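Open the structure in your viewer and keep the selection tool at hand. Each stop below says what to select and what is found there.

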Amino acid sequence: MVTCCNNPFIFASYHKNLPTITVAHKEIVFKQIFEANSKKIFHLCYGYTGDDDAANDLLQETFLKVWQNLDKFRNQAMISTWIYRIAVNTCLTYLRSEKRQAKDELTPQIAETKMEEVSEKNEQVALLYKCIAKLEESERIIITMVLDELPYSEIAEISGISEGNLRVKIHRIKQKLTELYNQHERL
């Protein structure tokens, strides 16, 4: 099945005809956009919050904004790039408004209970996200997109840096994550 998200011509034709398009067609296109992007956006949101419920709330808020602003998409970039920017801004607004405490400030009992609920592999993923949460904002955005296997050209466009600089930055971020991960392993 060809979706509007995989085929820019379908979305472009949808976008050009937006004023005359029916709500039913907009719903179909939106559903396809959601299915193609929701997993990646959830991972991005989880990377910022470290919490399933908060990540789901931010995912919903992001796609509500996508729905409300779909007619404003200018087709100058890939729709996934546009959605990533909306998600990043939504996450940053959430973090600012909540003035979130550092993830390390969880009581030992809550952290222990949380770890008992997940398997060893999930523990490693949770630790990775905990380490990602300690990175600077721009580093978190970049590494989350790398984990979601976005092409470097798209990551560079979203980040506003050249591909060459992006590759260097990714290498440094991976080194930093390795150090953070190893520190946790020793504890």
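**The whole chain**

Start with everything selected. The model is a predicted one. Colour the chain by secondary structure: there are nine helices and zero strands. Read from the N terminus, the order of elements is α-α-α-α-α-α-α-α-α. Now switch to a surface view. The chain exposes about 11,600 Å², and carbon and sulfur atoms supply 51% of that area. Of its 187 residues, 37% count as buried. How much of the contacts with a separation of 6 or more comes from residues 24 or more positions apart? Such residues account for 66% of those contacts.

**Helices α2 and α4**

Two packed helices are described by the angle between their axes and the distance between the axes. Select residues 23–49, which form helix α2, and residues 79–98, which form helix α4. Their axes come within 10 Å and cross at roughly 30°. The crossing of this pair is right-handed. To see the contact itself, show side chains. On α2, pick Ile33, Asn37, Lys40, Ile41, Leu44, Cys45, Tyr48 and Thr49. On α4, the partners include Ile79, Ile83, Tyr84, Ala87, Val88, Cys91, Leu92 and Leu95. Sorted by class, the residues of the contact between α2 and α4 are 14 nonpolar, three polar and one charged.

**Helices α4 and α7**

From α4, the contact uses Tyr84, Val88, Leu92 and Leu95. From α7, select Glu137, Arg140, Ile141, Thr144 and Met145. By class, the contact of α4 with α7 has six nonpolar, one polar and two charged residues.

**Leu127**

Next, select residues 120–133, helix α6, and find Leu127 within them. Is Leu127 buried or exposed? Its relative accessibility is 12%, so Leu127 counts as buried, the cut-off being under 20%. Which residues does Leu127 touch, leaving aside neighbours within four places in sequence? They are Tyr181, His184 and Glu185. Draw a distance line between the C-alpha atoms of Leu127 and His184: they are separated by 7.9 Å, while the two residues are 57 residues apart along the chain.

**Glu61**

Move to helix α3, residues 52–69, where Glu61 lies. Glu61 has a relative accessible area of 35% and is partly exposed.

**Glu149**

The last stop is in the loop between α7 and α8 (152–159), where Glu149 is found. What is phi of Glu149 near? It is near 60°, a positive value in a residue other than glycine. With a relative accessible area of 69%, Glu149 is exposed.

Conventions. Residues are numbered from 1 along each chain as its sequence is written. This is a predicted model: local features need pLDDT of at least 70, side-chain atom pairs count only at pLDDT 80 or more; totals for chains, interfaces and linings use all residues. Side-chain values use heavy atoms; hydrogens and water are left out. Helices (H or I, at least four residues) and strands (E, at least two) are DSSP runs, numbered from the N terminus. Buried means under 20% relative accessible area, exposed over 50%, partly exposed in between (1.4 Å probe, protein chains only). Contact means heavy atoms within 4.5 Å. Axes are lines fitted to C-alpha atoms, for helices over the stretch in contact, and angles run from 0 to 180 degrees between N-to-C directions. A crossing is left-handed if the near helix is turned anticlockwise from the far one by less than a right angle, and right-handed if clockwise. Ala, Val, Leu, Ile, Met, Phe, Trp, Tyr, Cys and Pro count as nonpolar, Asp, Glu, Lys and Arg as charged, and the others, Gly among them, as polar. Accessible areas come from the Shrake-Rupley method with a 1.4 Å probe; for residues, only the protein chains shown count as cover.
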